[in-house]
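My entries follow the order in which I looked things up.

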Amino acid sequence: GAITSQLRSLGASADWTRERFTMDPALSVGVSEAFVRLHEKGLVYRGTYMVNWSPGLMTAVSDLEVEYSEEEGKLYYFKYVVEDEEEEGKATEEFLAVATTRPETIFGDTAVCVNPED
């Protein structure tokens, strides 16, 4: 994969014949078990945080590699019509307002899901 290519181009010396993907069926049970144990010890956790995604690199980028800058921006608001629960496909008078800084992505939206407890 991409990471292996990067490591090889950097001159990493490893036994590449033993390379494995963590989600290969032969390894996935062990990987899951390791994550559960690490979670139970408080060494791995799930949290809400920003992920720095590079569209050019097509991968996540470490916080250490990001150069932060303040930018003026705009929020664009869109109204999604709420569908009638009783009659599929029928619109109600209600709507859900959604704000975004990236209006070009709206055309790719096929649905908006909301947790009823929120």
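Entry 1. I found that Arg102 forms a salt bridge with Glu104, their closest N and O atoms being 2.7 Å apart. I took a salt bridge to be a side-chain nitrogen of Lys or Arg within 4 Å of a carboxyl oxygen of Asp or Glu. The model is predicted, so local features need pLDDT of at least 70 and side-chain atom pairs pLDDT 80 or more, while totals for chains, interfaces and linings use all residues. Residues are numbered from 1 along each chain as its sequence is written, and side-chain values use heavy atoms, without hydrogens and water.

Entry 2. I looked up the accessibility of both partners (buried means under 20% relative accessible area, exposed over 50%, partly exposed in between, with a 1.4 Å probe and protein chains only). Arg102, at 46%, is partly exposed, and Glu104, at 47%, is partly exposed.

Entry 3. How many salt bridges does the count come to? I noted 2 salt bridges by this rule. One of them joins the side chains of Arg37 and Glu33, at 2.8 Å from N to O. Glu33 is partly exposed because its relative accessibility is 38%.

Entry 4. I placed Arg37 and Glu33 in helix H2, residues 25–40, where they sit 4 residues apart, about one turn of the helix. Helices (H or I, at least four residues) are DSSP runs, numbered from the N terminus.

Entry 5. I noted that Phe35 also lies in H2. The C-alpha atoms of Phe35 and Tyr45 are separated by 9.5 Å. After H2 comes Gly42, with a positive phi near 75°.

Technical notes:
Helix = DSSP H or I, 4+ residues; strand = E, 2+ residues; numbered from the N terminus.
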